[in-house]
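These are my notebook entries on one protein model.

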Amino acid sequence: MATTVRRSTVTLPVAPLGADNPLPALLPPEEAHTLSREERALLPEEMARQVGYEPLRSVLPEPVRDGYGRERSSGVLDTLVIENAKLRAEVLPGLGGRVRSLFHKPTNRELLYVNPVFQPANFALNGAWYSGGIEWNIGATGHTALSCAALHAAEVPAPQGDGAVLRLWEWERLRDTPFQVDLWLPDDSDFLHVGVRIRNPNHRRVPVYWWSNIAVPEEPSTRVVAPAEETWYFAYERALRRVPFPRFDGADRSYPLGSVFPADYFHEVPEDSRKWIASLDERGSGLVQTSTDVLRGRKLFVWGSGPGGRRWQRWLTEPGTGGYAEIQAGLARTQLEHVPLDAGEEFAWLESYGPLSADPSRVHADWSGAVAHTERRLEEVLPRAAVDEAYGRWRRIADAEPEGGRLAFGSGWGALEVERAGYSLPGTPFAPEDLGPEQRPWLRLLRTGRPPEPEPGEPPGGTLVSPEWRELLESAQGTASGRAWLDHHLGVAQWHAGDRSQAVRSWERAVQAGVGWPAMRCLAVAASVAGDAERAADRFGAALANLRSSAAHTSAVLPALVREAVGALLAAGRQAEAEEALAELPPAAASRGRFRLLHAQVAAARGRSAEALAVFEDGFEVDDLREGEEVLGEVWSAVTDRPLPDAYDFRMRPG
């Protein structure tokens with residue numbers, strides 16, 4: 001069977017993504033993978049330098065994606081299928097280009113954990129993420145902001161006419177780095193090759209992050225094997241420490257259920273060792289991933305056997321279905337690091353994914369013997385030299401232009417950057433026809449030096465924050481309505497760059513020019529960050545008052561603004577005003593889990609413990625509960641001494 005690439009679909013229970021949050025994300029994500037300066041000082045020099053290098057200030061210019069819920073109905077997702085006589089890979093181009101399934105035909109075996117539903121949850125840097133398959137994480141520490149975004153896709157000629165190549169590409173906006181993922185399946189191959197390239201076309205150095213995350217079935221007998229005898233252990237206590245592997249603290253951590261709480265194990269793979277990781281079941285069968293040496297890191301992530309990890313597993317899929325662990329591969333030793341990429345340079349490597357069968361008596365024996373045996377089996381089915389040779393062949397077609405038109409379309413942001421700077425990016429066309437309504441106001445600014453002139457009260461829309469766009473905003477001229485739009489976005493770009501005093505001045509001008517609630521909300525966030533709780537509460541109150549008379553009052557703006565305002569009002573001790581703000585919500589928004597939780601928090605703050613407890617007893621689900629967020633337990637323990645019910649137990653660390 002010759003390798004083919006084709007369009008298809010998959011039907012499954014789907015929770016709609018809903019609308020993006022309309023407020024610019026001025027604050028950094030609540031990312032659990034952070035270390036203090038004192039902790040960094042204890043790390044090896046290169047690791048310490050990269051852990052401290054360019055942490056994410058915010059997810060700008062990406063929007064926060066928090067409009068999804070947990071009501072699922074039958075839905076159809078577009079897929080792209082690349083298939084030969086032995087493997088079939090199913091890709092979701094509209095959802096981050098994830099490989100949803102990798103099926104090995106000779107053994108009639110699915111190699112990945114395939115989620116039977118599409119259920120977004122708050123794990124990505126900007127919110128919506130879903131579990132399962134192979135995901136491509138680029139940008140900054142965490143799950144990519146492109147987790148639920150569409151990528152461009154097309155077929156390109158295979159190396160020396162061997163098989164077929166499905167190319168995915170997009171412009172990564174957090175770091176302004178275009179990238180491509182080439183899924184290459186040679187005819188009659190048991191292994192899917194994946195060529196990855198990240199380019200820096202800018203005139204400045206940029207920080208780069210990449211981890212390929214592979215969800216594999218989690219069974220009591222599953223063992224994850226990699227060539228390491230030490231690991232960097234990181235859990236939700238937020239401490240990174242080097243420990244022996246696989247055994248420490250009395251348990252064998254190479255079995256995902258050997259840990260109680262969720263944890264990361266970043267393996268210390270020797271520099272000259274082959275880079276690989278495998279997940280093998282009780283029969284010694286499973287998936288192996290290997291790569292060229294640029295992709296140096298290997299990691300095991302486990303949910304653990306404790307109640308919090310089990311609860312998260314059920315939260316992300318259908319109750320009663322199997323769980324998963326993640327085996328991962330990255331550019332650095334840990335996911336806390338960002339790697340510098342100089343102007344005009346690129347990172348490129350090849351990964352290979354396929355089945356592996358080994359002797360189970362050796363896989364599940366002593367660790368050094370299991371590693372040696374597994375690596376020998378890998379060398380027999382896919383020699384290290386063959387991966388290096390395949391990389392060289394792939395590099396010869398990495399610049400090849402797509403053939404036969406697009407199979408899927410991503411965003412227009414790459415086309416806008418090409419329009420601005422004239423970048424030449426062979427192989428990944430960001431074409432003028434990709435430009436859409438989101439880019440239109442910025443295209444006007446670029447071509448005319450003048451901002452758009454939105455209708456009064458109209459939300460200012462998405463923003464751009466790179467140094468190059470900030471310069472364009474600073475030099476632009478406009479009428480009064482255009483000036484208000486300009487000052488709002490200029491303030492956001494200044495804030496993102498760390499120039500907070502200038503940002504405040506820009507937003508104050510925007511308020512005077514009539515932008516109203518958008519700039520007032522930004523001023524409220526600035527006051528909160530400065531530690532002025534009273535001023536933050538006043539400004540959130542003013543933003544809500546201005547919104548009431550705005551055309552945006554009935555849109556997604558009101559719930560987003562109320563959510564932030566309630567937190568600020570509670571922080572200022574103004575519980576009655578917080579309750580009044582919640583009362584402004586329409587019934588559909590007020591009934592959502594996040595606002596039910598806020599209602600319980602306000603009731604608890606006002607001394608009405610029974611009312612707060614009744615919210616829990618009635619039952620609710622916080623759709624966008626954040627990974628590692630402990631607010632459910634905190635509110636519960638504030639109103640009762642009873643044990644936290646299982647339905648609300650998402651704890652990812654010991655109490």
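**Entry 1. Terms and source.** I take helices (H or I, at least four residues) and strands (E, at least two) as DSSP runs, numbered from the N terminus. The model is predicted, and local features need pLDDT of at least 70, side-chain atom pairs count only at pLDDT 80 or more, while totals for chains, interfaces and linings use all residues. Residues are numbered from 1 along each chain as its sequence is written, and side-chain values use heavy atoms, with hydrogens and water left out.

**Entry 2. The largest pocket.** On a 1 Å grid over the protein atoms alone, a pocket is an open set of points with protein on both sides within 12 Å along at least five of seven lines, whereas a cavity is a set of points where a 1.4 Å probe fits but cannot get out; lining residues have an atom within 4 Å of a point. Grid points are joined across faces, edges and corners, and a volume is the space filled by probe spheres set on the points. I looked up the largest pocket and found about 1,400 Å³ of space. Its lining has 49 residues, and the closest to its centre are Leu27, Pro28, Glu30, Arg563 and Glu629.

Which helices each supply at least two residues of this lining? I noted helix 12 (517-529), helix 13 (533-548), helix 14 (557-571), helix 17 (593-605) and helix 19 (631-639). Helix 14 gives the largest share, 7 residues. For classes, I count Ala, Val, Leu, Ile, Met, Phe, Trp, Tyr, Cys and Pro as nonpolar, Asp, Glu, Lys and Arg as charged, and the others, Gly among them, as polar. The lining of the largest pocket then divides into 24 nonpolar, 9 polar and 16 charged residues.

**Entry 3. The second largest pocket.** I found about 840 Å³ of space in the second largest pocket. It is lined by 41 residues, with Asp20, Pro63, Trp413, Glu438 and Gly462 nearest its centre. Strand 10 (164-172), helix 8 (440-448) and helix 10 (480-496) each supply at least two lining residues, and helix 10 gives the most, with 4 residues. By class, this lining has 24 nonpolar, 10 polar and 7 charged residues.

**Entry 4. Helix 7.** Trp413, noted above by the second largest pocket, is also one of the buried residues of helix 7 (residues 413-421). Buried means under 20% relative accessible area, exposed over 50%, and partly exposed in between (1.4 Å probe, protein chains only). I asked what the buried residues of helix 7 pack against. They pack against strand 10, helix 8 and helix 9 (467-475), where contact means heavy atoms within 4.5 Å. Glycine 422 follows helix 7 and has a positive phi, near 70 degrees.

**Entry 5. Cavities.** How many cavities of 30 Å³ or more does a search of the whole structure find? I recorded 5. The largest cavity holds about 200 Å³ of space. Of its 20 lining residues, His33, His143, Lys299, Gln335 and Glu627 are the closest to its centre. Strand 23 (297-302) and strand 24 (323-330) each supply at least two residues of the lining, and strand 24 gives the most, with 3 residues. The second largest cavity has a volume of about 90 Å³. Its lining has 13 residues, and Leu92, Arg100, Asn115, Tyr130 and Ser131 are the closest to its centre.

**Entry 6. Backbone details.** I found a cis peptide bond between leucine 60 and proline 61, with omega about 5 degrees; proline 61 is in the loop between helix 2 (45-51) and strand 2 (73-83). A cis peptide bond also joins phenylalanine 245 and proline 246, with omega about 15 degrees.

Asparagine 108 has a positive phi near 55 degrees and is not a glycine. Is asparagine 108 buried or exposed? With a relative accessible area of 60%, asparagine 108 is exposed. Aspartate 176 also has a positive phi, of about 55 degrees, but it is buried, with a relative accessible area of 10%.

**Entry 7. Histidine 364.** I located histidine 364 in the loop between helix 4 (360-363) and helix 5 (367-381). It counts as partly exposed because its relative accessibility is 27%. Not counting residues up to four places away in sequence, histidine 364 touches Ser221, Arg223, Tyr255, Leu280, Asp281 and Glu282. Its side chain reaches the backbone oxygen of aspartate 281 at 2.9 Å.

Terms used. A polar contact is a pair of N or O atoms within 3.5 Å; within protein, one must be able to donate a hydrogen and the other to accept it, and residues adjacent in sequence count only if both atoms are side-chain atoms.
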